[in-house]
Amino acid sequence: MPVLETANGPVWRRRNRREALTRWATWLVGALIFLWCWARISDATTWFFVWDAPSIAGDILGRATPPRWSYIDNLWVPIWDTLNIATLGTLAALVMAVPVAFLAARNTTPSALFVRPVALLIIVATRSINSLIWALLLIAIIGPGVFAGIMAIAIRSIGFCAKLLYEAIEEIDGTQVEAITATGASRWQVMAYGIVPQVMPAFAGIAVFRWDINIRESTVLGLVGAGGIGLQLQASLNTLAWPQVSLILLVILLAVVLSEWVSAKVRGAII
Amino acid sequence: MTAALPPDATHRELDDILGTRWRRPPLVRRAWLRWALIVGGLLYLVAAIASVEVNWARVYEGLDRGAAFVMAFTRPDFVTRADAIWDGMLESIVMTVASSVVGIAISIPIALGAARNIAPLPVYMVCRGIIAVSRALQEIIVAILLVAIFGFGPLAGFLTLSFATIGFLSKLLAEDIESMDRSQAEAVRATGARWGQWIDYGVKPQVIPRLIGLSIYRVDINFRESAILGLVGAGGIGATLNTAFDRYEYDTAAAILLLIIVIVMALEYVSGIVRARVQ
């Protein structure tokens, strides 16, 4: 136990001298790194604009209120498109994610040496690139529109769904699988009666969870031209039509809150 | 007294099933709800797919470009735009580090305020409000607004990521504080500790592993997000990537994407090690 010797006898200390010094040095290095990063950001900033920011923010707020409520008539189709991008994208992602998850899970993969790394690579690669970047890429390849948005959402969601699903598959109860195997079931029957029923609640939860995230992401996909309400947002921003921008932002906020509520309700009912 | 019951009374449920063929129990037990979900889902699917216009001719034309892009991954070009890639990457990393530090520093007091077992009701409401606002607004939208206010550059990105970090970290940390072991905290309080000492010795040791794990996870997310903030002018590698796509320089774009994937994988690996060590 580290103690500090004082005139009145030893006093309890949390760390001994060496530990305290190491911690102090680590904090110092961390602080220096942070300061260096801040200096770089500061160098790249035009501070004149920043000092001017409060008045600009006030100006934008003044222009943006009240929202142009009549513009909502132009938004129904984009809202429908956004919903479709999220829902169809999630469905397509699930179709692709299920086989990947079964190939990636240690207890169901046909070959832990060759197939599993490929599946894990698919998961990491699709997960680490944002859906906006996927949309950018797909627009360059297949042209702008809702279809590119659906594909972007689908590809981006594969990794997320497959990762959570394969973790659920790895955590299943082995005795049930063994029991089904003991009845003389084939490989596919074991899959259908031993494994699938155990991961079904997790699967439904993941699907709804991802759908919620995808609603969020599909609202901004239009910024790069992939359809949905983001297109309207981009157009309004480009023409500096702030009352329309504020209305669109309100709609997006409402959509996000609603989808989160739906997803929480459904997941509550499943689990 | 089980003897008072007829001997087969407890088996009635089983008797009903005996002799009938076993059927797999459905996921949704209530039949009407199950059918309503199926029919509604099918109707929606038909309507949705019918409303999506796909220009298949355009898609077919694009396949060549898609193939060119996939091929670009086999020979990524790190060299031609090395300066731009390096500057963008460095800016992304700088933004990630600075915003994570500031975001985490701000979110700790907010998390304390948003934990019902520590904070009084008014403070709790305010802190939960901050968290709700931060979580409802997406990074890219916040970035657009901040770019409009503060001008182009990494400062807008830094502020965006810090703001997003607060919502994420405070919420999860507050939940962890709320589910902590009360007896430990009470024991520290019983020694006559002041409020600060109570937090430091009673609460902090219980939540610090989770805080470290969440922080590293958030650094990972912040880096990924910083890669797209450039699309709206908030600094980072996204601007370079966007330019590469606009110029159809797929080999440069592939190089940038590979770098992002490698860095994210490295961060995930590090965070796995750290989380395993602290927990």
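## Helices H7 and H9 of chain A

In this predicted model, helix H7(A) meets helix H9(A) through A:Gly149, A:Ala152, A:Ile153, A:Ser157, A:Phe160, A:Cys161, A:Leu164, A:Leu165, A:Ala168 and A:Ile169. On the H9(A) side, the residues that take part are A:Ile195, A:Val199, A:Ala202, A:Phe203, A:Ile206, A:Arg210, A:Asn214, A:Glu217, A:Ser218 and A:Leu221. The contact of H7(A) with H9(A) is made up of 14 nonpolar, four polar and two charged residues.

H7(A) covers residues 146-170 and H9(A) covers residues 187-221. Their axes come within 9 Å and cross at roughly 150 degrees. Angles over 145 degrees count as roughly antiparallel, and H7(A) and H9(A) are therefore roughly antiparallel to each other. The crossing of these two helices is right-handed.

## Domains and the hairpin of chain A

Chain A is split into domain 1, residues 3-62, and domain 2, residues 74-270. The C-alpha centres of domain 1 and domain 2 of chain A are 38 Å apart.

Strand E1 of chain A (residues 3-6) runs antiparallel to strand E2 of chain A (residues 9-12), and four bridges join them. E1(A) and E2(A) form a hairpin, with two residues between the strands. Within this pairing, A:Leu4 stands opposite A:Val11 of E2(A).

## Backbone details in chain A

Two loops of chain A carry backbone features to note. A:Pro66 lies in the loop between helix H3 (53-64) and helix H4 (76-104) of chain A. The peptide bond that leads from A:Thr65 to A:Pro66 is cis, and its omega is near -5 degrees.

A:Leu240 is placed in the loop between helix H10 (229-238) and helix H11 (242-270) of chain A. A:Leu240 is not a glycine, yet its phi is positive, at about 55 degrees.

## Helix packing in chain B

Helix H8 of chain B (residues 182-190) packs on H9(B) at an angle of about 165 degrees, and the two axes are 9 Å apart. H8(B) and H9(B) are therefore roughly antiparallel to each other, and their crossing is right-handed. H8(B) contributes B:Gln184, B:Ala185, B:Val188 and B:Arg189 to the contact, while H9(B) contributes B:Trp198, B:Tyr201, B:Gly202, B:Val203 and B:Gln206. By class, the residues of this contact are five nonpolar, three polar and one charged.

Helix H5 of chain B (residues 121-136) packs on H7(B) with the axes 8 Å apart and an angle of about 125 degrees. H5(B) and H7(B) are therefore oblique to each other. H5(B) passes H7(B) in a left-handed crossing. From H5(B), B:Ile130, B:Ile131, B:Ser134 and B:Arg135 take part, and they meet B:Phe163, B:Ala164, B:Ile166, B:Gly167, B:Ser170 and B:Lys171 of H7(B). The residues of the contact between H5(B) and H7(B) divide into five nonpolar, three polar and two charged.

## Where the chains meet

In the contact between the chains, 43 residues of chain B touch 47 residues of chain A. On the chain B side, the elements that give two or more residues are helices H2 (31-51), H3 (56-72), H4 (82-113), H6 (139-150), H7 (154-178), H9 (195-229), H10 (237-246) and H11 (250-278) of chain B. The side of chain B that touches chain A has 31 nonpolar, eight polar and four charged residues.

Notes: Residues numbered from 1 in each chain as written. Chains lettered and ligands numbered in written order. Predicted model: local features only at pLDDT ≥ 70, side-chain atom pairs only at ≥ 80, totals over all residues. Contact = placed C-beta atoms within 7 Å. Nonpolar A, V, L, I, M, F, W, Y, C, P; charged D, E, K, R; others polar. Domains from an automatic or database assignment. Pairing = 2+ DSSP bridges. Axes fitted to C-alpha atoms, helices over the stretch in contact; angles between N-to-C directions. Parallel < 35°, antiparallel > 145°, perpendicular 65-115°, else oblique. Left-handed = near helix turned anticlockwise from the far one by under 90°.
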